[in-house]
Amino acid sequence: MTSHTSAIAAIDPVKLDRLAEVAVKVGLDLQPGQDLVLTAPISALSLVRRIAEHAYKAGAGVVTPIFSDDELTLARYRHAPDASFDRAEGWLYEGMAKAFAGNAARLAVRGDNPMLLAAEDPAKVSRANKATSTAYRPALEKITGFDINWNIVAFPTPAWAALVFPGEAEDVAVAKLAEAIFAASRVDREDPVAAWKEHNAALARRTSWLNGKAFHALRFRGPGTDLTVGLADGHKWNGGAETAKNGITCNPNIPTEEVFTTPHAHRVEGHVTSTKPLSYQGTLIDQISVRFEGGRIVEASAARGADVLNKVLDTDEGARRLGEVALVPHSSPIAQSGLLFYNTLFDENAASHIALGQCYSTCFADSNLTPGEVAARGGNSSLIHIDWMVGSGEIDIDGLDKDGNSEPVMRKGEWA
């Protein structure tokens, strides 16, 4: 077992600095005078320091980091009184919501151990998640409503690396995960900012084709899947760079390979089987199989993690309905890496996917809809938003018009 210090030393410092620069310049396009609220695991401190440096060079007002720590999280599950699991730091999230209302940007560094809570009581995990989701909602609405520029990037922490590369020495696993993150985030190129410009242009061509078609529904067919996903009235496809309501164009997810939109919460019919495991709050949920009627999941099973899946589905009324449908070619670099990252930021970019729960109000042609208007057009509302993969090299997708006429969108997982 090597020390964490030597494991972190295995990360290429030049590419790590480029990742920080891409997060600030491409991910956020941070503006002079703009504050930045940043969340990260404490083990990602070396990246956070570089992000702060690039943010201040770009003219940031104040950079405020909020750190999490695996051992602190576990201390709660092992020693806290039962009532603790129905509480959340609402004051903190109110402060974040206030910061976003004042036009602060938001950056999340992902790298937490995906299996951290695997051995903990699922009921406590579920209660804590629900309390946090409820408290975080005022801040989250500023993000899902795209009021501000925001971004998520990843850092190769030792606990995460050990999961992706089991059996490797800690420093080797961290170095391998770092290289996979750098490649997917396009910072292994000489000029990553230019590489992102080119990639965003390619995604924009896809979204403009789909928006021109204005399909009424998409039909997914393949092994264990025959699913028709109605699309929300007045939906809009997004992907890659997007302009937030504050006028700043940012790349919310680094990496990203998807184009996505809002399904109609009441017009989803048929059955679908997951094509990759879903890592959710310390549980691996594998071989998910669900059946929809009238937009709602009426039957659900999983070969592994079924109890956690069912708890998730019972979160609220919207948890059994879809909030997102996204298309990703099977030839995406993340799919071709052959890795299961146990992290949705990466795994969702390896395959077409659907998300249970909250929709993005930005996926409507009219971006200034009230929550009531979003719902009237078929947009879903929920405390959760959980992506899971349904695409593969065996899935065909057709676009359907109102009369049921179909047009190929994807064949064997590739753009038709």
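Modeller: A disulfide is a pair of cysteine sulfur atoms within 2.5 Å. The structure to which this cut-off is applied here is a predicted model.

Colleague: How many disulfides does the structure hold?

Modeller: The sulfur of Cys250 has its closest cysteine sulfur in Cys363, 13 Å away, which is too far for a bond. Cys359 is likewise in no disulfide, since the nearest cysteine sulfur, again that of Cys363, is 7.8 Å away. For the structure, the number of disulfides is zero.

Colleague: Is Cys359 buried or exposed?

Modeller: A residue counts as buried when its relative accessible area is under 20%. The relative accessibility of Cys359 is 2%, and therefore Cys359 is classed as buried. Cys250, at 1%, is also classed as buried. For Cys359, then, the class is buried.

Colleague: Which strands stand at the edges of the eight-stranded open sheet?

Modeller: The pairing in this sheet is antiparallel, and the strand order is β14-β13-β10-β6-β5-β18-β19-β20. An edge strand has a single partner, so one of its sides is left without a neighbour in the sheet. The two strands in that position are β14 (296-301) and β20 (414-415).

Colleague: Which residue in β10 stands opposite Thr228?

Modeller: Strand β6 covers residues 225-231, and strand β10 covers residues 263-273. The two strands pair in the antiparallel sense over five bridges. Opposite Thr228, the residue in β10 is Glu269.

Colleague: How many residues of strand β1 are buried?

Modeller: Strand β1 spans residues 36-41 and is covered on both faces. On one side Leu36, Leu38 and Ala40 are buried, and on the other Val37, Thr39 and Pro41 are buried. Of the six residues of β1, the number buried is six.

Colleague: What is the bridge partner of Leu36 in β2?

Modeller: β1 pairs in the parallel sense with β2 (residues 63-68) over six bridges. β1 also runs parallel to β3 (residues 105-110), to which four bridges join it; in β3, Leu38 has Leu107 as its bridge partner. In β2, the bridge partner of Leu36 is Val63.

Colleague: Is Phe100 buried or exposed?

Modeller: Phe100 is found in helix α5 (residues 90-101). Leaving aside residues up to four places away in sequence, Phe100 touches Val37, Ala105, Arg106, Ala139, Lys142, Ile143 and Ile148. Because its relative accessible area is 2%, Phe100 is buried.

Colleague: How far apart in space are Phe100 and Ala60, C-alpha to C-alpha?

Modeller: In sequence, Phe100 and Ala60 are 40 residues apart. In space, their C-alpha to C-alpha separation is 14 Å.

Colleague: Which helix gives the most to the lining of the second largest pocket?

Modeller: The second largest pocket holds about 420 Å³ of space. It is lined by 21 residues, and the closest to its centre are Glu141, Thr144, Gln358, Ser361 and Pro371. At least two lining residues each come from α6 (122-144) and α13 (371-376). With six residues, the element that gives the most is α6.

Colleague: How many charged residues are in the lining of the second largest pocket?

Modeller: Asp, Glu, Lys and Arg count as charged. The lining of this pocket also has seven nonpolar and nine polar residues. The number of charged residues in the lining is five.

Terms used. Residues numbered from 1 in each chain as written. Predicted model: local features only at pLDDT ≥ 70, side-chain atom pairs only at ≥ 80, totals over all residues. Heavy atoms only, no water. 1 Å grid on protein atoms, 1.4 Å probe; cavity = no way out; pocket = protein on both sides within 12 Å on 5 of 7 lines; lining within 4 Å. Points joined across faces, edges and corners; volume = space filled by probe spheres on them. Buried < 20%, exposed > 50% of the residue type's maximum accessible area, 1.4 Å probe, protein only. Pairing = 2+ DSSP bridges. Contact = heavy atoms within 4.5 Å.
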